Amino acid sequence: MFPIVILKDMNGFDFEKAEKAVAILPVGSIERHGDHLPLGTDSELPEHIAYKSAELSGAVVLPTIYYGSCHAMRCFPGTFDIDPEVLFRYIECVLEEAWRNGIELVIILNGHGGNSAQIQMAARRATSKTGLSVAVIDWWKDLGTSKKELFSSPGHAGEDETSAMLAVAEEKVNIYLAGRNEVTYPKMKVYSKKVDEKIYEVALTGDAKKATKEKGKELISAAVEDLTRIIADLRRELGI
Ligand SMILES: [Zn+2]
């Protein structure tokens, strides 16, 4: 086990001496998640996974980027939608500053689908301008995949995300307000207000009522294990 190294809590003297070649950058959103989950759910989950994995991998945890691009949920109160171009440039700047401060590999741990394209663009741009390496992980898709069969009704604020929040911060979940909205997503990516309005009649997809803390714990610990293994593999591959 390593002591967790949290960048925002370090003093300058300790930062200069710290082993900081590898860092995790959680990126999330402030967005409506049904009526039962906190607006910061997409930030809280990757941040928790990052802290747990840092204990096992020795990576530094960078401050979470809380605001994301939330186009589809824009009409629901509580959603803060950041312009995609602004988010892309902002993440690019953070990556460039990480490199300038001695970090060689950043693992971006994303918690929100609307951020994915901007993160990829930022990673490409920053790594072409500097010697930094960046790994991009959409945690709900790329981590804990062995536990997917636990959830018959996953989705935005659905069974899987609600279970994960029960495991990580039960006190922030009002399970009595959990709802259900079974939808069919289009087979390909369709960008359309009409399609969004059909899918998101409420700010929820899947069945949050099926969520349990136990399933969430299994998902989160598998995600932490997967991330820790990915970091070890990358360290080996990149010689960091
Ligand atoms: Zn979410």
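Reader: How many of the eleven residues of α6 are buried?

Author: This is a predicted model. In it, helix α6 spans residues 159-169. The helix is mostly covered, and its buried residues number ten of eleven.

Reader: Which residues of α6 are the buried ones?

Author: Burial here takes 20 or more other C-beta atoms within 10 Å. The residues of α6 that count as buried are E159, D160, E161, T162, S163, A164, M165, L166, A167 and V168.

Reader: What covers the buried residues of α6?

Author: Helices and a strand both take part. The strand is β7, residues 206-207. One of the helices is α8, residues 213-238. The cover includes β7, α8 and α2.

Reader: At what angle do the axes of α2 and α6 cross?

Author: Helix α2 covers residues 41-57. Its axis comes within 10 Å of the axis of α6. The crossing is oblique, because the angle is roughly 60°.

Reader: Is the crossing of α2 and α6 left-handed or right-handed?

Author: Two packed helices are described by the angle between their axes and the distance between the axes. For α2 passing α6, the crossing is left-handed.

Reader: Which residues make the contact of α2 with α6?

Author: The residues of this contact divide into five nonpolar, two polar and two charged. From α6 come E161, A164, M165, V168 and A169. From α2 come T41, E44, L45 and H48.

Reader: How far apart are the axes of α2 and α8?

Author: Helix α2 also packs against α8, at an angle of about 50°. That makes α2 oblique to α8. The crossing is right-handed. The axes lie apart by 9 Å.

Reader: How many nonpolar residues does the contact of α2 with α8 have?

Author: On the α2 side stand I49, K52, S53, L56 and S57. On the α8 side stand I220, A223, V224, L227, T228, I231 and A232. By class, three are polar and one is charged, while the nonpolar residues number eight.

Reader: Which element gives the most to the largest nonpolar core?

Author: The largest nonpolar core has 57 residues. Those with the most contacts inside it are A23, I24, V106 and I108. The top contributor gives six residues, and that element is α8.

Reader: Which residues does I24 touch, leaving out those up to four places away in sequence?

Author: I24 is among the residues with the most contacts inside the largest core. Its partners include A50, S53 and A54, and α2 spans residues 41-57.

Reader: At what angle do α3 and α4 cross?

Author: Helix α3 runs over residues 84-100, and helix α4 over residues 116-129. Their axes come within 8 Å. The pair is oblique, because the angle is roughly 40°.

Reader: How many charged residues are in the contact of α3 with α4?

Author: α3 passes α4 in a right-handed crossing. Helix α3 brings P84, L87, F88, I91, E92, L95 and E96. Helix α4 brings Q118, I119, M121, A122, A123, R125, A126 and K129. Ten of these are nonpolar and one is polar, and the charged residues number four.

Reader: What is phi of A157 near?

Author: A157 lies in the loop between α5 and α6. It counts as buried, because it has 28 C-beta neighbours inside 10 Å. Most residues other than glycine have a negative phi. A157 has a positive value, near 60°.

Reader: Where is S221, and how far is it from G144 in space?

Author: S221 sits in helix α8. With 15 other C-beta atoms within 10 Å, S221 is partly exposed. In sequence, S221 and G144 are 77 residues apart. In space, C-alpha to C-alpha, they are apart by 7.8 Å.

Reader: Is E201 buried or exposed?

Author: E201 is found in the loop between α7 and β7. Its C-alpha atom is 16 Å from that of H36. E201 has 10, so it counts as exposed.

Reader: How far apart in space are E197 and L150?

Author: E197 has its place in helix α7. E197 counts as exposed, with 11 C-beta neighbours inside 10 Å. Along the sequence, E197 and L150 are 47 residues apart. C-alpha to C-alpha, the separation is 28 Å.

Technical notes:
Residues numbered from 1 in each chain as written. Predicted model: local features only at pLDDT ≥ 70, side-chain atom pairs only at ≥ 80, totals over all residues. Axes fitted to C-alpha atoms, helices over the stretch in contact; angles between N-to-C directions. Helix = DSSP H or I, 4+ residues; strand = E, 2+ residues; numbered from the N terminus. Parallel < 35°, antiparallel > 145°, perpendicular 65-115°, else oblique. Left-handed = near helix turned anticlockwise from the far one by under 90°. Contact = placed C-beta atoms within 7 Å. Nonpolar A, V, L, I, M, F, W, Y, C, P; charged D, E, K, R; others polar. Buried ≥ 20, exposed ≤ 12 C-beta atoms within 10 Å, placed from the backbone. Core = buried A, V, L, I, M, F, W, Y, C linked by C-beta atoms within 7 Å.
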